[in-house]
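Visitor: I have a structure to go through with you. Could we take it piece by piece?

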Amino acid sequence: MKILITGVCGFVGSRLAEWIRQERSDWTVIGIDNLSRAGAETNRTRIQSLGVEFVHGDIRNRNDLELFPDVEAVIDASAMPSVLAGTDGGGASLQLMEHNLLGTLNLLEYCRARSAKFNMISTSRVYAIKPLAGLLLRKEDDAYVPRFDEIETAGLSERGISEKFSTEAPVSLYGASKLASEVLAKEYSETFGFPVWINRCGVMAGAGQFGHPGQGIFAFWIHSHQQRQPLKYIGFDGTGAQVRDMLHPFDLARLVVKQFEAESDDERPVLLNVSGGIESAMSLAQLTHWCDQRFGEHVVGTDPNPRPFDLPWVVLDNSLAQKTWDWSPEWTRDAILTEIADFAETRNDWLTISRGR
């Protein structure tokens, strides 16, 4: 199979390419990236050493996509991934939509013309902010836990947030760009008859993730702790009780390959939560305890003032993916954290590289 991965020099794109080259060595992997993000050049060198054919280009420009030969499948892993993307004014909102919506539209047109399979890496941030911000919570072991016995919200259970949870606005500009892209992908699939899958991911995490809090909080926290850089619990009384789940890109890659290898008339769900689930979830305070044990104690500051769009508890229910695709995460929470920590101890320059200074 010949596949195209967009955003191939980003964290997720590069790790997907790495797994596919290792596990499907007979597949041809072509990657495109505009190399606009700090750290991208480092990943470019690594993926090319694995046999990935790299093209410097931008999916916002349809002419750049014409540089590619026909492929059988596309993984859309390029996006501005922060929930705060587009909120700075000065045209940032338009840039966000060009990256996350126009870019996806161009890829769908590319797939339409070639009847290629399309796999979109989406996000948990398509789920409605207001009901998540208003969850009834208690604290347990330094982490928020929803008071499920008092909550009657469709799509929410002790397993987490399911695909049935509301996507009613507001979801942030970032979330809206991804949700609109999901709708377009499904409509293109229905209209033009090529396969589409949409994988809504929780927090992606693993070694080599760029050290930016808006894109990978687990990697940012571990690198910063190991380097004794300032850290701060922001919002929610400054206690660090806010909770997220984590997923290693190799586990996502396993599912993406299953989807690409499915029969063309496969009727399994095409829209899925793909996450580490409740077993992988932890709070920032718990993450700090983990880092203290690994690296020695490091004082974390507090700032009780919340940031826009921040939420106290976001854990995705991956039951549908497990049931219908015979898939479950193989990377445990501790294995992911350990991989990041091992990398951090060998790359003391990674925070500087990934911040572009």
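Visitor: Which residues of α7 meet α9?
Guide: On the α7 side they are I217, F218, W221, I222, H225 and Q226, and they meet L284, L287, T288, W290, C291, D292 and F295 in α9, where contact means heavy atoms within 4.5 Å. By class, this contact has nine nonpolar, three polar and one charged residues, with Ala, Val, Leu, Ile, Met, Phe, Trp, Tyr, Cys and Pro counted as nonpolar, Asp, Glu, Lys and Arg as charged, and the others, Gly among them, as polar. This is a predicted model, in which local features need pLDDT of at least 70 and side-chain atom pairs count only at pLDDT 80 or more, while totals for chains, interfaces and linings use all residues. Residues are numbered from 1 along each chain as its sequence is written, and side-chain values use heavy atoms, with hydrogens and water left out.

Visitor: At what angle do α7 and α9 pack?
Guide: The angle between α7 and α9 (residues 284-295) is about 40 degrees, and their axes lie 10 Å apart; axes are lines fitted to C-alpha atoms, for helices over the stretch in contact, and angles run from 0 to 180 degrees between N-to-C directions. The two helices are therefore oblique to each other, since angles under 35 degrees count as roughly parallel, over 145 as roughly antiparallel, 65 to 115 as roughly perpendicular and the rest as oblique. Helices here (H or I, at least four residues) and strands (E, at least two) are DSSP runs, numbered from the N terminus.

Visitor: How many residues of α7 are buried?
Guide: For α7 (residues 217-226) the count is 10 of its 10 residues, where buried means under 20% relative accessible area, exposed over 50% and partly exposed in between (1.4 Å probe, protein chains only). Among them are W221, H223 and Q226. Just after α7, R228 takes a positive phi of about 55 degrees.

Visitor: Where else is there a positive phi on a non-glycine residue?
Guide: D142 has one of about 65 degrees; D142 is found in the loop between β6 (137-140) and β7 and is partly exposed, with a relative accessible area of 43%. S172 has a positive phi of about 90 degrees, also without being a glycine, and is found in helix α6, where S172 counts as buried at 6% relative accessibility.

Visitor: And which residues does the cis peptide bond join?
Guide: That bond joins A169 and P170, with omega at about 5 degrees, and P170 sits in the loop between β9 (160-161) and α6.

Visitor: Staying with α6, is S177 buried or exposed?
Guide: S177, which lies in α6 (residues 172-192), is buried, with a relative accessible area of 0%. Leaving aside neighbours within four places in sequence, S177 is in contact with L96, M97, N100 and L101.

Visitor: New topic: how many residues are in the largest nonpolar core?
Guide: It has 38 residues, and those with the most contacts inside it are I3, I20, I75 and L252; such a core is a set of buried Ala, Val, Leu, Ile, Met, Phe, Trp, Tyr and Cys residues joined through side-chain atoms within 4.5 Å. Elements that each supply at least two residues of this core include β1 (2-6), α1 (11-23) and β4 (73-76), while the largest share, seven residues, comes from α8.

Visitor: What does I20 touch?
Guide: Not counting residues up to four places away in sequence, I20 touches I3, I5, S25, W27, V29, I75 and V257.
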